[in-house]
Amino acid sequence: MMRQYELVERVQKYKPDANEALLNKAYVYAMQKHGQQKRASGDPYISHPLEVAAILTDMHLDESTIAVALLHDTIEDTTATRAEIDELFGEDIGRLVEGLTKLKRLDLVSKKAKQAENLRKLLLAISDDVRVLLVKLADRLHNMRTLDHMKAEQKARISEETMDIYAPLAGRMGMQDMREELEELSFRYINPEAYDTVTKRLAELSQRNENLIKKIEDELRDLLVANGLEDAFVKGRQKKPYSIFRKMQSKSLSFEQLSDLYGFRIIVDDTSCCYKALGIVHTRWRVVPGRFKDYISNPKQNDYRSIHTTIVGPSRQRIELQIRTQMMQEIAEFGIAAHTLYKDGQSAGKPGELLPKDSNAYSWLRHTIEALAEGDNPEEFLEHTKLELFQDQVFCFTPKGKLIALPRGATPIDFAYAVHTNIGDTTVGAKINGRVMPLVTRLNNGDEVEIIRSGVQVPPAAWEEIVVTGKARSAIRRATRTAIRKQYAGLGHRILERTFERAGKPFSREALKPALHRIAHKDVEDAIAAVGRGELSSLDVLRAVFPDFKDERVTVKPAADDGWFNMRSASGMMFKLPERPKAAEGAAGATVDDYDALPIRGLSANVPVRFAPSGAVPGDRIVGIVDKDSGITIYPIQAPALQKFDDQPESWIDVRWDLDEANKARFPARIEVNTLNEPGTLATVAQTIGRLDINIRSLKMGSNRAADFSEIEMEVEVWDVRQLNQLISQMKELDCVSNLKRIYD
């Protein structure tokens, strides 16, 4: 275990005027508070915060951050309080320690919503002060280094969350060395067999080529010096096991097929020397086509800058070269930590500020925080953030030359949403390099993209399956929800107008505003949409607006000949619809609520009623569309086909289910299943459906764009929406099913 004086000496090596008293006081306080606590290894608990602090000294961070590292577990695991730390160490350190305390573990085995909420807290705390991130990552790194003493299931869980969240987050912040070590340690526990195999093969290769790296270093250095780059520094290394395993997986290669297992860095004085070194190397050795990337001209979003090239170099070895300056090297190693202004003598700016202030790494974080304010549900936020963390990038340009960084596989739709949400929502087409191209086209580095827009466009829900960025998916889902809410609101408005009219009261949106608190809604549109969804009774709204309204009528279930008439659908399904009572408003046997919705049931009639092609099942929120020629068509409220009736409010009637339990019937619904294209898949799907007592009415199979998958469109007959949801849930758990969705017309 590191000693107190050793930690102080490490800080003083790069910051001679460091506040030694602060470091000593933080050490003593942490030692006293943690007392006799032990780690799983049996070591004193104080060894953990000490090692976390030591990791941060490697990044040359100031004494305040080192003190926070020493204290980071005191509030959570001891009797220490925020007030006590504020009094002893100041409010700045107290705020950081409390920020770290609020970050509970990101438990991947818990519900997604809980995990997403914890990730929100993490990102919000980081956005407040970047030092929270630096301490948190150092804390996770030391925990991973000492994971051997945990139980097997704990090792797997902690490693998975490290690989899913912390390692890519370190990468996004430009801290590549820390990312590599976190990935390496996680790989060891997530896939121990693969880790052992790759490590063993690398050890054998290293022994066989014992002096190769040194030989290539010397030859590269001599070449650069001979061409005027006397101060060039060359360092080579064998690639890490996880990096090699990931490449084998992504490119479907065996270990023997890998040719570029060695990487070399050339460090020079300035940017012009980077390009000079590149010219020297390319003149001497043959370049591997398609393996050149200039991240100096186009930096990555995490501020990484370097020139990458692959050559068939000395000893005819295929090697990767990274050419950069010393400052670029520091940013590549320490990322956002290399930008901090609280280093000695750089600035009097407030702690936690960045240099430059428009740091790309921090800009990404700000955009992610903006997503928090967009109101996405937790699962969508988690998906959005993971997509942003994991994706590699392509760089495209607007017609005016603005650079837009996107994940690999991005489409013009992703590009449009990256520019602005409103541009994405109104996109109808795109020109790529001057040519009109389909919106599903995958973008490449250097593409110039011009978006074609329309003021009346609404993004189709199907776009969600095309885009790859979290921002685009979230925006499309919001637009879809807004369209559905608009339908609900239109329906709710008509219901309320009818209810208020029958009560002899005037209805207006303005009249509803003062009564919102009585019906527990924040705005008028939400309340009206809630009526349309059936979540709020129109009579409750009437009573909220007019508290003195008295409904003295008695509700009596009407007889078959009591003003009701029946209709039969083409499929034999019966519907029961009320006629308006002939008596004046207030007649006995009818209430305002009788007219909120028309109950579907039925016995026999001649008025034609039918379901939309996608069907509807009990439990769906449904509406009827009246046509003088074809009668009434019943749609589920989610049906996109309803949009074409938005300008025909007179055609809409509200209906509700009123099932006859004595004569239960099955109802049709359509689903689309994307399955693996292999023997036995259809049998597995059919067996699952049969076990749930569900009938397959029709089935159509087709080939997917990918040869490994098939698409099955089927119409099933179910008792109600609960049984349909049970089917969808169980089907999604099948190994042979990659995707499943319900189809609405």
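Which side chain does K15 meet in a salt bridge at 3.7 Å, N to O? That would be the side chain of D17; a salt bridge here is a side-chain nitrogen of Lys or Arg within 4 Å of a carboxyl oxygen of Asp or Glu. This is a predicted model, where local features need pLDDT of at least 70 and side-chain atom pairs count only at pLDDT 80 or more, while totals for chains, interfaces and linings use all residues. Residues are numbered from 1 along each chain as its sequence is written, and side-chain values use heavy atoms, leaving out hydrogens and water.

**The whole chain**
- The chain has 26 helices and 22 strands, taken as DSSP runs (helices: H or I, at least four residues; strands: E, at least two) and numbered from the N terminus.
- Of its 745 residues, 49% count as buried (under 20% relative accessible area, with exposed over 50% and partly exposed in between; 1.4 Å probe, protein chains only).

**The salt bridges around K15**
- The structure holds 29 salt bridges.
- K15 also pairs with E63, at 3.2 Å from N to O.
- That pair links distant parts of the chain, 48 residues apart: K15 sits in the loop between helix 1 (4-14) and helix 2 (20-34), and E63 in helix 4 (residues 63-71).
- K15 counts as buried because its relative accessible area is 11%, and E63 is buried too, at 10%.
- Together, K15, D17 and E63 form a network of salt bridges.

**Another pair**
- R131 and D92 meet in a salt bridge of 3.2 Å, N to O.
- R131 lies in helix 9 (residues 130-145) and D92 in helix 7 (residues 91-101), 39 residues apart.
- R131 is buried at 2%, whereas D92 is partly exposed at 27%.
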